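Hi everyone, thanks for making time today.

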Amino acid sequence: MWGRKAWGWLLTNLLLHLVTTYGIWRLAVGCGAATDMASWAAILFALQPAHGMTVAYVSGRSAGMMTSLLVGSLLAFGTYQVERKKRYLLCSLLLFTFACCAKEMALIFPALLALWVFTRSRAGLAKRSELTSIIPFALVAATLLAAAFSNPRYRGLLEFSLNLRTPLESLVHNAAALPVTLSLLARPWSLAAEHSARLGPYAVSAGAIFILAWIGVACWASRKRHWLMFGMLWPVIALLPAHSFIAKADSVSETSLYLAWVGPSIALGMGSRAWCSTKSCRTVMSGAAVLLVAVCGWRTIVWGDQVLLWREAVTEAPLSARAWNNLGLAYMGRNNSNAAMHAFETALKLDPGNARAIRNLGVLEIVK
């Protein structure tokens with residue numbers, strides 16, 4: 001749409017983000033939240049610092065588009081639950097299909113939909129028999145998955161994944177990385193374009209204990225606080241495609257948190273009923289919103305400046321040859337040859353066979 005015009009990309013990402021935020025507000029209202037509670041849910045989603053990559057960077061476009069389509073699909077499905085008109089179910093299925101075309105992680109949506117229906121039934125808003133309405137979504141997901149693996153490029157990606165690690169090794173490694181990924185939602189100071197992937201036996205054990213405890217608390221909460229169960233299990237399910245038996249280059253990534261934050265933001269909005277009861281609490285919440293605006297502004301600036309972005313990345317992941325190589329490219333763009341050469345040489349020390357760093361260092365020596 002915009003060619004190489006950065007403002008066009010940013011504008012589109014912002015519009016998608018606003019559409020998704022409005023969808024969060026509508027979903028919260030549909031769950032029975034008052035206007036102020038739904039507004040707080042939308043604010044919490046809109047001002048999540050971890051969304052910086054999705055909103056302010058080119059590669060985040062697919063995650064933003066996927067999530068906006070899935071939120072729309074969930075809204076259409078909720079309307080179908082109330083009015084029982086098949087056109088809403090068809091609309092929901094179409095939006096889900098388009099979301100899968102935007103990003104493959106959307107294939108997990110039937111499981112998220114099952115959580116949505118189950119927690120609403122616990123609240124007396126739907127019947128458990130409505131879980132059968134999810135079958136068409138599961139069939140669409142299975143069809144798209146089968147079509148994907150009939151594509152040579154997807155089979156090549158699967159071979160690449162199996163060459164990195166075995167399925168069991170990937171499952172253990174990704175399970176250990178899941179708590180780290182989730183913790184980024186509450187640790188904006190640790191956000192970066194690259195994260196360290198060194199996860200030892202302690203991290204694996206701690207990750208397994210954390211996941212089991214998290215699911216246990218969520219199931220306990222289902223008795224009286226259905227919204228809490230929804231908010232706790234949604235991110236775990238949403239992150240399953242990125243933390244399962246499929247190996248990937250980035251064990252910890254901020255992009256997957258965009259969809260993962262939908263459920264917790266709605267749950268926190270629903271739970272804000274007790275917090276909004278007094279004037280002092282509303283003042284604290286207003287102050288928190290102002291602070292979130294400032295942090296989001298900082299993250300947007302970082303993602304908009306390549307040198308800042310990759311300097312932060314090499315601080316967070318100092319052993320990443322890719323981060324050092326990208327820092328070198330950023331310095332080349334600023335005509336800082338000495339800093340660029342140091343970055344490329346560091347990348348080669350970490351990974352002597354890094355073809356990109358070798359090529360970039362050769363180009364730098366020619367133009368220097």
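Ala343 counts as buried, because its relative accessibility is 0% and the cut-off for buried is under 20%. Please keep in mind that this is a predicted model. If you want to find Ala343 on the screen, look for helix 17, which covers residues 337–350.

So what is Ala343 in contact with, once we leave aside its neighbours within four places in sequence? The answer is Trp324, Leu327 and Gly328.

Now let's move to another alanine, Ala289. You'll find Ala289 in helix 14, residues 279–304. Is Ala289 buried or exposed? Ala289 is buried, because its relative accessible area is 15%, and anything under 20% counts as buried.

Which residues touch Ala289, again leaving out neighbours within four places in sequence? Those are Trp40, Ile43 and Leu47. Take Ile43: in sequence, Ile43 and Ala289 are 246 residues apart, yet from C-alpha to C-alpha they are 7.5 Å apart in space.

Last stop, the surface. Here Leu168, Leu171, Val172, Phe245 and Ile246 make up a nonpolar patch of about 460 Å². One of these residues, Phe245, sits in a loop, with helix 11 (226–238) on one side and helix 12 (257–260) on the other.

That's my tour, and I'm happy to go back to any of these spots.

Terms used. Residues numbered from 1 in each chain as written. Predicted model: local features only at pLDDT ≥ 70, side-chain atom pairs only at ≥ 80, totals over all residues. Heavy atoms only, no water. Helix = DSSP H or I, 4+ residues; strand = E, 2+ residues; numbered from the N terminus. Buried < 20%, exposed > 50% of the residue type's maximum accessible area, 1.4 Å probe, protein only. Contact = heavy atoms within 4.5 Å. Patch = residues over 30% accessible without salt bridge, like charges linked within 9 Å, V, L, I, M, F, W, Y side chains within 5 Å. Areas by Shrake-Rupley, 256 points an atom, 1.4 Å probe, with all protein chains shown as cover. Salt bridge = Lys/Arg side-chain N within 4 Å of Asp/Glu carboxyl O.
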